[in-house]
Amino acid sequence: MTEQPPAWQPTACILCECNCGIVVQVEGRTLARIRGDKDHPASRGYTCNKALRLDHYQNNRNRLTSPMRRRPDGSFEEVDWDTAISEIADGFADVAATHGGDKILYYGGGGQGNHLGGAYSGAFLKALGSHYRSNALAQEKTGEHWVDAHFYGNHTRGEFEHAEVSVFVGKNPWMSQSFPRARVVLNEIAKDPARSMIVIDPVLTDTAKMADFHLRVRPGSDAWCLAALAGVLVQENLCDESFLVAHVTGVEPVRAVLAEVPVAEYARRCGVDEELLRAAARRIGTAGSVAVFEDLGVQQSPNSTLCSYLNKMLWILTGNFAKPGSQHLHSSFAPLFRPGGVGRTPVTGAPVIGGLMPSNVVPEEILTDHPDRFRALIVESSNPAHSVADSAAVRRAFAELELLVVIDVTMTETARLAHYVLPAASQFEKVEATFFNLEFPRNTFHLRHPLLEPLEGTLPEPEIWARLMRALGVVDEAELAPLRRAAGQGRDEFTAAFLQAVGANPGLAKVLPFVLYETLGPNLPDGLSGAAALWGLAQKAAMTYPDAVRRAGHADGNALFDAILAGRSGVTFTVHEYEDDFSLISHPDRRIAIEMPEMLADICALATAPTALTTAEFPVVLSAGERRAYTANDIMRDPSWRQRDADGALRVSVEDAAAWGLVDGGRAVITTAAGRAEATVEISEAMLPGHVALPNGFGVDFPGEDGTARTPGVAPNGLTSSAWRDAYAGTPWHKHVPARVEPAPAVPGVDGLVAAGR
Ligand SMILES: Nc1nc2c(c(=O)[nH]1)N[C@H]1C(S)=C(S)[C@@H](COP(=O)(O)OP(=O)(O)OC[C@H]3O[C@@H](n4cnc5c(=O)[nH]c(N)nc54)[C@H](O)[C@@H]3O)O[C@H]1N2
Ligand SMILES: Nc1nc2c(c(=O)[nH]1)N[C@H]1C(S)=C(S)[C@@H](COP(=O)(O)OP(=O)(O)OC[C@H]3O[C@@H](n4cnc5c(=O)[nH]c(N)nc54)[C@H](O)[C@@H]3O)O[C@H]1N2
Ligand code: SF4
Ligand SMILES: [Mo]
């Protein structure tokens, strides 16, 4: 008898925000064979090298299989779900009653592939009166969001697939991807003589090698480079005047400041040849279309918010908006940021942008005797004890909490500090989706069906949050029963019953995800109950973008919801027309508002500001956390997933290696204000003298076959400091940490991080 091979089942890669569609053959509980899903509307069969290694996430020795409770001696004991849920719900209710619900902080809510848990968390947090939150976006994108909110109240994306000129600012898409089919698109651009690529990066990255213009700035000097580029646009009359007149406000004050930028001097200060810089600006100024991507190289470096502001000038001043191949506002299935102005954190008064407090201030908001300090914390799908600046400070702060609960699939550095750890089903064992739906004109949403039953002992997050809600007992079952009945009768009946119930009790809308899970959830097919919250989001999308949703083939919110449930490879939920970009601007006049006095003052201040922040003690710039072929944030803990760079080498220029006496493959000690670490050296032609780089995703421990933990590579945040951050957004300067590098002493060093004082 010949055995049938297992079917190819559609799902998605969860290792970066692209979430490429993949198809998988499952054997037993193993993701045995993986390839790109040609039916996925965004990725169309594309994957990078990392997707093939996903079984190392699914089946890793470190998976949690029971709720855990920490004993007074610091060790953990297994407890059953009912015990864990009731003790946790009681614990948070106690904190809320004693100190106020706003003393409960929520961190995380989704990694690269999983945002459904975060969607359900809102009901529990609201029921407790908790509203402060933070997550990784507050380590990178809040500065850009602050500028975006002022300009047009929305997020933009470049249409690189069709752009004549693509600009990458502190962004290495060959390695880090971040837009659909990145390597295919980059290859197409490089092959086409009519199209150009401009890369601003101190490192000769794989992307920079393909560029027509590589502006190899000195680390941290992008503000001067970008000011000079924008200055050339103004000074050489390369702006799109008719676009500015019709669609932009606040132009003249900006033009006045940029007209005064001393281009030659700023080119010199950022280390870029003036003629190359001018040529790049002219290429932007004369192109039929320009798309721009700024990422961590500037967002995690000095002047990061100013760089976001200046970078956007490149496409706004040249009118590269609302036409093919340009920059676009886009629809959102669920916005990643909350609307509203800038708030303040209770203890340090740090900015709360888009509803997120800076990750960097989290320790200071806990580790104080301030009466408004946070007393309790829920961490979901994030590993802040490893991913937030100054891990030692984070550990000290978390130790002070009255209650710390972590929801994760594996025992992380953060989980080990928790009072309770709740084991989640993996992203291939439950219904999941991401809200990184950022494309224009066609935007897609992918609901992934489970490929496997949850690992014994684990639960999907929607069920975890529902159990916590039930334990709080804030929603009366009598209010849910009619909705549940209506859900069994059909979508229209449910819609009517829902509107009636919320009309009668507006409080239900506050805990909407829970209400949907409890009523619509049981009526959904194929174990899709966890998708119930998407019903509300589908209605909202259909109301916000009625024409674009209809153009995508969905008559209304219910039709969109049903298409999402049925579409195994993802669905297109909006199809926009290019002029829709203007209607997506949130200002009533539908114009881009570019005058921001603090940013203009900062441009003027560049004249006397220092381009270098290194010191005699720490003369080198360390980029702590570079994306490489085998890094994937903290999602992959099993080091055997890597096919090269097993130790996460410290990359050092040829010149520096010679000066410091380092040899390729040898060991070096890196010292910063925050800590010390030892790493393997890779001498690299790609690095500028004075600049060294360590990868992200290293320095997490993993038990070997014999049970003893190994921690390959360096944990980057043993070397970073909380206060080293942007003045506007509080985003960290991880790419620009002053450091000292020396050959390791001949005595065998300790692997990985040797934190100061430990
Ligand atoms: N392989 C892989 N891909 C990933 C991830 C991963 O872990 N691994 N993570 C995903 C996530 S969460 C994110 S946010 C993105 C991040 O994606 P990227 O931002 O592209 O990633 P990085 O490599 O951290 O930084 C980008 C570039 O900044 C450059 N840089 C350093 N200092 C400076 C500077 O002063 N100025 C300029 N202009 N550039 C500088 C570095 O040389 C690097 O090439 O990647 C996503 N994709
Ligand atoms: N020094 C330095 N620090 C950095 C960066 C840097 O470049 N340098 N980059 C920053 C950036 S851009 C980012 S995005 C952050 C990322 O840092 P984090 O926000 O901490 O996110 P991840 O590393 O993606 O961790 C995801 C966690 O989710 C868990 N997980 C996976 N699947 C599931 C699931 O289905 N359910 C649950 N509950 N958990 C799951 C994983 O086990 C892992 O612990 O790091 C930031 N930190
Ligand atoms: S890591 Fe990102 S680009 Fe690579 S396959 Fe996964 S989702 Fe796609
Ligand atoms: Mo990120």
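Predicted model: local features only at pLDDT ≥ 70, side-chain atom pairs only at ≥ 80, totals over all residues.
Residues are numbered from 1 along each chain as its sequence is written, chains are lettered from A and ligands numbered from 1 in the order in which they are written, and side-chain values use heavy atoms, with hydrogens and water left out.

**Exercise 1.** Work out which residues come nearest to ligand 1 and which domains give residues to its shell.

Step 1. Start with the neighbours, where near means that a heavy atom of the residue lies within 4 Å of the molecule. Of 31 residues around ligand 1, S176, D201, G220, D222 and T631 come nearest.

Step 2. Look for polar contacts, here pairs of N or O atoms within 3.5 Å. The side chain of D201 places an N or O atom 2.7 Å from an oxygen atom of ligand 1. A backbone N or O atom of N172 is 2.9 Å from an oxygen atom of ligand 1, and one of G297 is 3.4 Å from a nitrogen atom of ligand 1.

Step 3. Check the cover, using Shrake-Rupley accessible areas with a 1.4 Å probe. Ligand 1 taken alone exposes 910 Å², and the protein buries 98% of that.

Step 4. Now the elements, which are DSSP runs numbered from the N terminus: helices (H or I) of at least four residues and strands (E) of at least two. Those giving two or more residues to this shell are α5 (173–176), α13 (296–299) and β23; the largest share, three residues, is from β23.

Step 5. Finish with the domains, whose bounds come from an automatic or database assignment. Domain 3 (154–327) and domain 4 (620–755) both contribute to the shell, so ligand 1 lies between them.

**Exercise 2.** Why is strand β13 described as largely enclosed?

Step 1. Count the buried residues (under 20% relative accessible area). Five of the five residues in β13 (residues 290–294) are buried, so the strand is largely enclosed by the rest of the structure.

Step 2. Compare the faces: V290, V292 and E294 are buried on one side, A291 and F293 on the other.

Step 3. Find the partner, given that strands pair if DSSP finds at least two bridges between them. Strand β9 (residues 165–169) runs parallel to β13 over five bridges, with S166 bridging to A291.

**Exercise 3.** Is G567 buried or exposed, and where does it lie?

Step 1. G567 sits in the loop between α25 (557–566) and β21 (571–575).

Step 2. Its relative accessible area is 17%, so G567 is buried.

Technical notes. Buried < 20%, exposed > 50% of the residue type's maximum accessible area, 1.4 Å probe, protein only. Polar contact = N/O pair within 3.5 Å; in protein donor to acceptor, adjacent residues only side chain to side chain.
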